Amino acid sequence: MMTTLQIVLAIVGVVLIGAIVVYNLIQERRFRKEADRMFAQRQDDIMLGESVRATGEEAGFKARFTMDDGEAERPEVRQAVAEAESEPTIPDFMREAAEPSRDEASFDLRAPSPEPLPEPAAEEEPPVSPEPPARAPVPPRAEPPAAIPPAFAEDEHDEAAQGPRGNGLDAETEYIARLRFATPCAANFGPLLATLRRVGKPVRAFGKRLDGVWEPLTSHPRASYDQAEIGLQLADRNGAVSHDQLDAFCRALYGFSAEEGGAVSCPDKQDALQAAKALDMLCMEVDVLIGLNVISSDARPFTSEAIHKQAEEAKLMLQADGTYQARDAFGHVLFTLANQEEHPFPADGRGLTVHGVTLLFDVPRVADGLAVFDRMTRFGFDLAWRLEGRLVDDSGRAVTEENLNRDRSRLASFYGRMEARGIPAGGERALRLFV
């Protein structure tokens, strides 16, 4: 059971709660009356500097709000209700914005003309359509500041991404880096070139003289250069260039430029690696060496004198390495005749006996290869007949016209692929790639 103290405390608590509720109601009523009195008065608009009434919607809302409290008889409330019931009131600043200006109304083709048109003159001129309002002038585009000195500014189209250029470098088969100097430079490029050649791929380097002429870089240049370009070959018969080789190539150039006061621009390495792989795949497909052998029969060897005579008649020249070579008018090797054994042919063509000779035809390095292939096979048949030997392939099978026709079709396919890739057989690109 509750004690007397507990009952007294409970009553006191109820009384305090009731007092708080009553106090809050009284305060809320007093603040509400004050708010109604403030909103019912005219106030100056601080933006326009003039007196603005509340809109009809606001007045109606205030009237309803005060009438709910039993104060609908207040004068300001009756005035607000009367204004709300008459017609919606648009504030002055809104009324000014809603009314079009005279200039704007003159361009409204649907609006009737406020005044009658004047009488036309003696010579009536055709009416002129009103010109549209002139647009605001567009400010001229500001040119960006030249943050890079002219000696280092890149061209609009990067020359390293283009094809063959004046210096002979080829972006299709070489990774070309550009080196520009702050002032014309006549440095010793020998140590740099030696470092670049140790990368493991062929390197070509050219400097641009002040007169615009490109010339190969040497250890002791005879002129000053304002820029240089160095090309690292993307692929050769040893495979495609690697990421490590590209890194070593660029690091060597960065170090040299830091010493000589220049700036290096290297193309994207990932793009170069992809191009190198595609180029290497083509090289592997067409890198073919065709060999035909003329071997002696009945264990009777050939004499070097007989071979020398037949080679001279076919216009093959004996070289310093002891092989005979057929060359074109430009000195390019077409095919080679070599001893199957280790001994080279003697310089005078005498005193040597051999059991077989080999004709070699380097497919990608020979221009007009089908005609050269036909010439080599005819010489092989003729040599075998004159030496009383046999013409066989690398597997020891006798060479027939059927086999030669099949090999000829394969050659035509190889040359077609090379032409499609822009690397014609025997051309400058092919001679650099197939070394």
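Predicted model: local features only at pLDDT ≥ 70, side-chain atom pairs only at ≥ 80, totals over all residues.

Me: How much space lies in the second largest cavity, and what is its lining by class?
Reply: The space in the second largest cavity is about 40 Å³. Its lining includes Asp328, His332, Arg365 and Gly426. Gly counts as polar here. By class, the lining has two charged, two polar and five nonpolar residues.

Me: What share of the chain is buried?
Reply: The chain has twelve helices and 17 strands. Its accessible surface is about 28,400 Å², with 56% belonging to carbon and sulfur atoms. Of the 435 residues, the buried share is 33%.

Me: What percentage of the contacts with a separation of 6 or more comes from residues 24 or more positions apart?
Reply: Contact means heavy atoms within 4.5 Å. Among contacts with a separation of 6 or more, residues 24 or more positions apart account for 66%.

Me: Which residues of helix 9 are buried, and what covers them?
Reply: Helix 9 spans residues 304–313, and its buried residues are Ser304, Ile307, His308, Gln310 and Ala311. An α-helix has 3.6 residues a turn, so residues three or four places apart point the same way. The cover includes strand 11, strand 13, strand 14, strand 15, strand 16 and helix 10.

Me: Is Lys315 buried or exposed?
Reply: Lys315 sits in the loop between helix 9 and strand 12. Its phi is positive, about 65°, although Lys315 is not a glycine. The relative accessibility of Lys315 is 67%, so it counts as exposed.

Me: Where is Asp368 found, and is it buried or exposed?
Reply: Asp368 is in the loop between strand 16 and helix 10. Phi of Asp368 is near 50°, a positive value in a residue other than glycine. With a relative accessible area of 60%, Asp368 is exposed.

Me: Which residues is Leu318 in contact with, leaving aside neighbours within four places in sequence?
Reply: Leu318 lies in strand 12. Its relative accessible area is 24%, so Leu318 is partly exposed. Ala338 is 20 residues away in sequence and 9.9 Å away in space, C-alpha to C-alpha. The contacts of Leu318 are Thr323, Tyr324, Phe345, Pro346 and Ala347.

Me: Why is the pair of Phe181 and Phe189 classed as it is?
Reply: A pair of aromatic rings is described by the distance of the centres and the angle of the planes. The count comes to seven aromatic pairs. For Phe181 and Phe189 the centres are 6.5 Å apart and the planes at 65°, so the pair is edge-to-face.

Me: Are Phe181 and Phe189 buried or exposed, and which aromatic cluster holds them?
Reply: Phe181 and Phe189 are both buried. The cluster is formed by Phe181, Phe189, Tyr225 and Phe256.

Me: What is the geometry of Phe361 and Phe373, and how far apart in sequence are the parts they tie together?
Reply: The ring centres of Phe361 and Phe373 are 6.2 Å apart and the planes stand at 40°, so the pair is tilted. Phe361 counts as buried at 0% relative accessibility, and Phe373 counts as buried at 2%. Phe361 lies in strand 16 and Phe373 in helix 10, so the pair ties together parts whose separation in sequence is twelve residues.

Terms used
Residues numbered from 1 in each chain as written. Heavy atoms only, no water. Phe/Tyr/Trp six-rings, centres within 6.5 Å; stacked < 30°, edge-to-face > 60°. Buried < 20%, exposed > 50% of the residue type's maximum accessible area, 1.4 Å probe, protein only. Helix = DSSP H or I, 4+ residues; strand = E, 2+ residues; numbered from the N terminus. 1 Å grid on protein atoms, 1.4 Å probe; cavity = no way out; pocket = protein on both sides within 12 Å on 5 of 7 lines; lining within 4 Å. Points joined across faces, edges and corners; volume = space filled by probe spheres on them. Areas by Shrake-Rupley, 256 points an atom, 1.4 Å probe, with all protein chains shown as cover.
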